[in-house]
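Here is a short briefing on a predicted model.

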Amino acid sequence: MSTAHIWIIIPALTGMILLFFPRRRKFTAAFASLLSLLLAFLAFSFPSAHVFVLAGRRYEFATSIELLGRSLTINKDMLTLVALIYSFSFLWNAFSFQFKVSGYFNALSLVITALWTAVPAFEPFLYASVLVQLVVLISVPLLSPRGQLAGPGLLRYLVLQSLAMPFILLSGWMLSGIATAPSANPLIVRAALMIILGFSLWLAVFPLHTWMAMLAQESHPWVLSFLLTLRQTVLLVYLISFFDRYAWLRGMPAIDQSLQILGVAMIAVAGLLTAIQSDLRRVFSYLFMSETGYALLTLGLIRQGALPLIALSMVPRAALYWLWGYTHSVARDHAGIKTGVLQAFEGLLHTHPFLSLAWFISLLGISGMPLLAYFPVKRLVWLQISSLSVALKIGMVIGVGGVVLFSLRFLKVLIMPVEQNSPYNPETLRLKITLVVLLLILLLMGIFPHFFLNHFQNLLLPFEQLLTIDILSN
């Protein structure tokens, strides 16, 4: 048996089997959660030599398998990322039975998690774009459950995400020409443009982001937060692998400045759109867009020693995404607020104080509120841009200020007086405990970031070339 069997084949097959039990929600949720937790723990504790000794017997695991002329390789350097992916799967599956999501959520989430795990493990790595396309297709039943018409957001999502795969594959065809003709500069430029266009479509880079806001209005927030969290995490790692493997790509003139400008532009635009927003469902899509901007900005600051910040940001970002998805799902499925219009949340603080405060804190946390988990990382990013142009600094202020402004607008709505005969159901003890525990974890991560986050710098171990640049920059 190989490591690819453990973290790719077994969960994918398990997910397919669970497809036959769509009505047994608690069973499938429990099974998917336990399997994800087991695989995450195994990835965290797996010996670096891939050898176990039990009862005097030696068990050695291969690091790769061959599949249709391609290989799937999971070595010791990838295990931190694998553990992170399955930790996300556990968090979303463990609470999924509380919400009115598709009966196939737990089964398909395991398949999707296995496919995302296979993306960085696939060799030749350019062809992993086919796996990304498979994830897009498999996610459709979750975003548009049976009995619901496909909305325009879902159709736009399908079209734009599907267009990305040909660009990545075409870049591979052009790269084969570069290998035989290193001086063919036009091929280098075209291949770079193909890669940039492909990832711009995948990551919904401005102005290709419109499907997210539309999809957020059509889909369940629990499903959307799960899919976008995994998508953003793995695709950012996949993008970094391009810069690590292709010296010509990271050495292109003004590539760093272009990433910095694009990143800050996305942060500023997302902040402005968030500030004027009146629908909470759309807000999450703009927060996602802003975080993609932060990731691109950090990637453009690699020569200033910002590479570790990419890895350190993944856990706090995912935790805040989870908190947003959880609070919004509770409001939708248990508080009876089916719409996302701000007026529908008037006075929610009086009937759901824990839910309201956690939701408000999730907004401030994503913006980089002090003492919370994301603040140490964002503070370092803000320090990095202190040496950049004034225009970029202004764009950053606009982006952060827009999220803070909307947070205050949201707080004003939450604390408005409410009639005594409220239609909302009271908060349950389970809800209160869940929110308090997560908020304490976010607080501890913000106060002791080195204790909680330093281990995740191992996400960067596969990127030897970029690590060399980071060491030289320091």
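On a 1 Å grid over the protein atoms alone, a pocket is an open set of points where a 1.4 Å probe fits, with protein on both sides within 12 Å along at least five of seven lines; lining residues have an atom within 4 Å of a point. Points join across faces, edges and corners, and a volume is the space filled by probe spheres set on them. This is a predicted model: local features need pLDDT of at least 70, side-chain atom pairs count only at pLDDT 80 or more, and totals for chains, interfaces and linings use all residues. Residues are numbered from 1 along each chain as its sequence is written, and side-chain values use heavy atoms, leaving out hydrogens and water.

**Largest pocket**
- The largest pocket holds about 680 Å³ of space.
- Its lining has 25 residues, and Ser87, Leu91, Val315, Ile441 and Met445 are the closest to its centre.
- H20 gives the largest share of this lining, 6 residues (helices are DSSP runs of H or I, at least four residues, numbered from the N terminus).
- The lining divides into 22 nonpolar, 3 polar and no charged residues (nonpolar: Ala, Val, Leu, Ile, Met, Phe, Trp, Tyr, Cys and Pro; charged: Asp, Glu, Lys and Arg; polar: the others, Gly among them).

**Largest nonpolar core**
- This core has 165 residues (buried Ala, Val, Leu, Ile, Met, Phe, Trp, Tyr and Cys joined through side-chain atoms within 4.5 Å).
- Helix H10 (residues 221–245) gives the most to this core, 16 residues.

**Thr298**
- Thr298 sits in helix H13 (residues 280–300).
- Thr298 counts as buried because its relative accessibility is 5% (buried is under 20% relative accessible area, 1.4 Å probe, protein chains only).

How values were computed
Buried means under 20% relative accessible area, exposed over 50%, partly exposed in between (1.4 Å probe, protein chains only). Helices (H or I, at least four residues) and strands (E, at least two) are DSSP runs, numbered from the N terminus.
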